[in-house]
Amino acid sequence: MKCVILAGGSGTRFWPYSRYSNPKQFLNIIGDKSMLQMTIERLEKIKKITDIYIVTREDLYDRIIKEVVGIDKNKVIVEPSGKNTAPAIGMMGAYFAMEDTDDIMGVFPADHFIVGHRKFEKAINTAYHLAKKGKNLVTIGIKPNHPSTAYGYIQYDEKSEQDHIDAYHVKTFAEKPHKKLAERFVASGDFMWNAGMFFWRVGTFMDSLEKHIPDLVESLTKIATKIHSGRSFDDLWEFIDPISIDYGLLEKAKNIYVISGEFKWNDIGSWNALYRILSSDKNGNVIMGNGKVMDAGNNLIHSNDRFTAIMGLDDVVVVNTDDATLVMHKDKVEEVKDLVEFLKANGQKQLT
């Protein structure tokens with residue numbers, strides 16, 4: 001299997017710790033290694049994986065080459081600008097298709113937290129075999145343990161695929177829901193979180209793109225030729241319209257299966273997501289760095305250098321960096337990206 005790690009994001013919901021120039025995938029959030037390094041090392045242990053490619057931004061290329069261990073610099077592909085996930089994944093599919101359309105391709109985020117290697121590898125092996133045996137598009141889902149509004153959802157047919165008891169035919173993909181809808185999804189019992197991991201035979205994927213996003217495929221085929229010969233494709237990339245793989249392909253295709261991932265998973269996409277995987281005190285408080293909580297509960301402090309205290313407040317997140325302080329209620333963590341957009345629009349881009 002040839003796998004692609006998408007490492008061009010900016011992690012805006014993790015501001016102010018994550019910045020455009022120092023995004024979440026490069027941060028040592030859990031332990032002493034970056035999220036990207038942890039992802040690579042996790043994939044290197046999977047027996048089915050033979051090649052690891054990274055797609056990233058031009059300004060992050062040198063840093064990946066210098067800091068990330070275990071990656072071939074010739075397999076770090078730069079996208080000239082962010083165009084969402086379909087063009088990034090599609091150009092790699094077109095590139096792989098030049099060599100062998102029967103190869104299995106896996107797509108992974110750069111910055112997710114996963115615990116339980118055996119169960120993770122089992123899910124990937126199931127996805128691999130399901131993609132190999134037919135014209136199937138396969139994803140991994142996670143059974144929800146709370147009604148999150150931070151993730152997309154996958155509705156599935158509860159009757160499992162005959163050869164794989166943990167694989168199910170997908171009925172529909174749902175965008176990130178509001179709270180009441182998320183509660184209905186979880187209560188129904190036939191929804192999983194979309195973990196953003198995808199598997200398919202290269203030929204099946206390219207045929208599916210041709211069917212659902214034909215204009216994109218024409219450009220990607222030309223781009224793949226330029227990647228193969230080491231030439232710039234900025235001129236072709238400029239005219240590609242941004243589109244997500246979910247909206248452009250997965251919400252339209254019928255031949256999709258979801259594997260139920262039994263491993264522990266968290267995208268660490270927000271401060272609440274981080275809070276959920278950390279150990280708290282008896283009052284539910286988490287302190288990362290230098291801080292103190294008094295007469296308060298269920299709070300998160302992230303402050304490496306500056307002493308930070310919370311008194312008499314519950315369900316609050318406080319994040320201190322050298323040049324910014326964020327104080328918010330936990331209910332607002334998904335809106336941090338709106339604050340980042342405000343800063344950009346009001347002459348404070350240096351803070352983003």
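The largest cavity is lined by T39, R42, L43, F108, P109, H112, I114, F120, M197 and W265. The elements that contribute two or more residues to this lining are α1 (35-44) and β4 (104-109), and α1 supplies the largest share, three residues. Helices (H or I, at least four residues) and strands (E, at least two) are DSSP runs, numbered from the N terminus. By class, seven residues of the lining of the largest cavity are nonpolar, two are polar and one is charged. Here Ala, Val, Leu, Ile, Met, Phe, Trp, Tyr, Cys and Pro count as nonpolar, Asp, Glu, Lys and Arg as charged, and the others, Gly among them, as polar.

The model is predicted, so local features need pLDDT of at least 70 and side-chain atom pairs count only at pLDDT 80 or more, while totals for chains, interfaces and linings use all residues. Residues are numbered from 1 along each chain as its sequence is written, and side-chain values use heavy atoms, with hydrogens and water left out.

Rolling a probe the size of a water molecule over the atoms shows where empty space is left. On a 1 Å grid over the protein atoms alone, a cavity is a set of points where a 1.4 Å probe fits but cannot get out; a pocket is an open set with protein on both sides within 12 Å along at least five of seven lines, and lining residues have an atom within 4 Å of a point. Grid points are joined across faces, edges and corners, and a volume is the space filled by probe spheres set on the points. By this rule there is one cavity of 30 Å³ or more, and the volume of the largest cavity is about 60 Å³.

The largest pocket holds about 1400 Å³ of space. It is lined by 45 residues, of which R13, N84, T85, H112 and K176 are the closest to its centre. Two or more residues of this lining come from each of β2 (51-57), α3, β8 (167-174), β9 and α9, and β9 gives the most, with four residues. The lining of the largest pocket divides into 18 nonpolar, 15 polar and twelve charged residues.

N84 lies in the loop between β3 (76-79) and α3, and is partly exposed, with a relative accessible area of 43%. Buried means under 20% relative accessible area, exposed over 50%, and partly exposed in between (1.4 Å probe, protein chains only). N298 likewise has a positive phi, of about 60 degrees, although it is not a glycine; N298 is found in the loop between β12 (286-294) and β13 (300-311). In another loop, between β1 (2-6) and α1, is P16, which a cis peptide bond joins to W15, with omega about 10 degrees.

Turning to the helices, the axes of α6 (residues 202-212) and α7 (residues 214-229) come within 5 Å and cross at roughly 130 degrees. That makes α6 oblique to α7. In α6, M206, L209, E210, K211 and H212 meet P214, V217 and L220 of α7, where contact means heavy atoms within 4.5 Å. The buried residues of α6 are V202, G203, T204, F205, M206, S208 and L209.

How values were computed: Axes fitted to C-alpha atoms, helices over the stretch in contact; angles between N-to-C directions. Parallel < 35°, antiparallel > 145°, perpendicular 65-115°, else oblique.
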